[in-house]
Amino acid sequence: MSTSPEWWRSAVVYQVYPRSFQDTTGNGVGDIPGVTARLPYLSDLGVDALWLTPFYPSGGADGGYDVADYCQVDSQLGTLSDFDNLVAAAHATGLRIIVDLVPNHSSHLHSLFQSALGAPPGSPERDAYLFADGTGTDGSNPPNNWRSVFGGSSWTRVTEPDGSPGQWYYHLFAPEQPDFNWESPLVQRYFEDVLRFWLSRGVDGFRIDVSDALIKDTAWPDTADGNPLIPKDSASPVHDIYRRFRQIMDEYPGTTSVLETGADEDTVALFLRPGEMHQAFNFRFLKCPWDASALASAIAESLGATSAVGAPATWVVENHDTARAASRYAGEGGLAGSYVPSSTTAAQGAPDRGLARAKSLAVLALSLPGSAYLYAGQELGLPEVTDLPDETRTDPVFLRSGGAILGRDGCRVPLPWEGAAPPFGFSNAPQTWLPQPPGWASLTAQKQGEDEASTLSFFRRLLRLRRSHPALGTGRLVALTDPASAAESHVVVATLESEAALALGDASGRAAGRTQVVVNLGQCPAPLPQGRVVLATTELEGAQLPADCAAIVNLYAD
Ligand code: NOJ
């Protein structure tokens, strides 16, 4: 385990979706002891840290992102002592633990929201959330026209304790996810306690959900498009929240944070200024279509924005909100490579092409300077599951669109570990919370572990190489194909140099330390530079890189 307090600047973080990782109780739902049981697999894979999506008690309206108690473990997933055991075992194995913090909204079942419902308008209890009077003569219209991310109005009307129709509360997401009022001192103090609760249990950091949206324009003006007004500029009070978080985290040296924010790079960078948070997910890279020019500019602009504030970039190819990359990139001409939160289009296209592209993007993600995020199952090359029976689907995106949008369940199907039939060692239950496709028999971790040509073996090699190669992850990007020439060549070449080689300073020493990552986004083979190929996504013949493939080449053979 790296002993540097800044370990997170170049860490590989593996995202665990606990409900889908490993069930140890036979209820068909993954749990915390299941994560502990699989630590040897993760350590063998070669990651540095785990990020666990929410495992707290929840109303189950949004895959755990509707938290009913921030300082407890959902009884389906285990106990606090199971969590303590996980932290201890992970640390003993050399792995760090990052937990999810959901500060924008709670579950409607949270005691603070229940108290707010029981208290009168204008009370301090109501002030912990965003309540407002309705419009129209009898207040029966919502306070404004803002739309929820999951569809429909952002406002839900409550019945007052005396039975009369009452105020409305704001929810950026589902009605079961009321937004906190971050101008309330009570909320600020509450979350300071939540941070300390987990930090004092030994966690190494937080992934912060919807991090840029905590402050709303509470004059509640209508907007032309129904989108909410959420100030994020450099002077917005949202930055004070993170300065306070940072002060607390600095009391626990070596801890980190990673922000979930869909804002543009320059806005995201404001949250990463000195004294604010540590890093943010690179959604620009995650959403990038299979297009050389778009990829080159995503890399250049995200590195430019983060380095301007002294923060590391992050590289993300998959997460629990996005169709699996092996399916997302399967489409003709790369169009399916754009951000696809639903699984509707993911089955179209050629699966082999999708997997080849997914591996190539992983090569880039794990080579470029900064930290990299892997989503559980990405290392198995799992495809999106597009044919889940409707009655098994749980995503509010599916439920609230009346099934018109399939939603995100297709990338959250429990992992296949071993054996020839579901539940593939994930559980002893005959039925798992989402059913696994029988065809995953060829994709189990066990089967792939025995096959040198498998996706899992490839990821293991890639992660081992990243650890041993000084230019990967911790190096510097010294040259990158510019977007205009990438549009011509359909090839992206990132030239990396290790810090040690840079320190040598003289031209010959520096050139010898150079490594190129080459990704071919075109349809014809592309020439590889002269040098020693240290890894490729496919078997190479001569110095040609086939379409959809990537290679890492040390420029001067050593
Ligand atoms: C982002 C999370 O990743 C997603 O799963 C969730 O639905 C929303 N935030 C709301 O919490």
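**A strand pair and beyond**

Modeller: Let's start with Thr-156, which sits opposite Tyr-169 in β6. Before going on, keep in mind that this is a predicted model, with local features needing pLDDT of at least 70 and side-chain atom pairs pLDDT 80 or more, while totals for chains, interfaces and linings use all residues. Numbering runs from 1 along each chain as its sequence is written, and side-chain values use heavy atoms, leaving out hydrogens and water.

Back to the strands (DSSP runs of E, at least two residues, numbered from the N terminus; helices are H or I runs of at least four). β5 runs antiparallel to β6 (residues 165–170), and four bridges join the two; strands count as paired if DSSP finds at least two bridges between them. Zoom out and you get an open antiparallel sheet of three strands, ordered β4-β6-β5. β4 (131–132) and β5 (155–159) are the edges, each pairing on one side only.

Now the ligand. It has 13 residues around it, with Asp-62, Asp-209, His-320, Asp-321 and Arg-408 coming nearest; "near" here is a heavy atom within 4 Å. Sorted by class, that shell holds seven charged, four nonpolar and two polar residues. Look at the ligand's oxygens: a polar side-chain atom of Asp-321 is 2.5 Å from one, a side-chain N or O atom of His-320 is 2.8 Å from one, and a polar side-chain atom of Arg-408 is 3.0 Å from one. The protein buries 97% of the 300 Å² that the ligand exposes when taken alone, going by Shrake-Rupley areas with a 1.4 Å probe.

There are zero disulfides here, a disulfide being two cysteine sulfur atoms within 2.5 Å. Cys-411 is buried, at 1% relative accessibility, whereas Cys-524 is exposed at 53%. (Buried is under 20%, exposed over 50%, partly exposed in between, with a 1.4 Å probe and protein chains only.) Cys-524 is in no disulfide either, with the sulfur of Cys-549 the nearest at 13 Å.

The peptide bond from Pro-422 to Pro-423 is cis, omega near 5°, and Pro-423 falls in the loop between α12 (396–400) and α13 (445–449). Trp-220 isn't a glycine, yet has a positive phi of about 50°; this residue is in the loop between β7 (205–208) and α6 (238–250) and is buried at 12%.

Methods
A polar contact is a pair of N or O atoms within 3.5 Å; within protein, one must be able to donate a hydrogen and the other to accept it, and residues adjacent in sequence count only if both atoms are side-chain atoms. Ala, Val, Leu, Ile, Met, Phe, Trp, Tyr, Cys and Pro count as nonpolar, Asp, Glu, Lys and Arg as charged, and the others, Gly among them, as polar.
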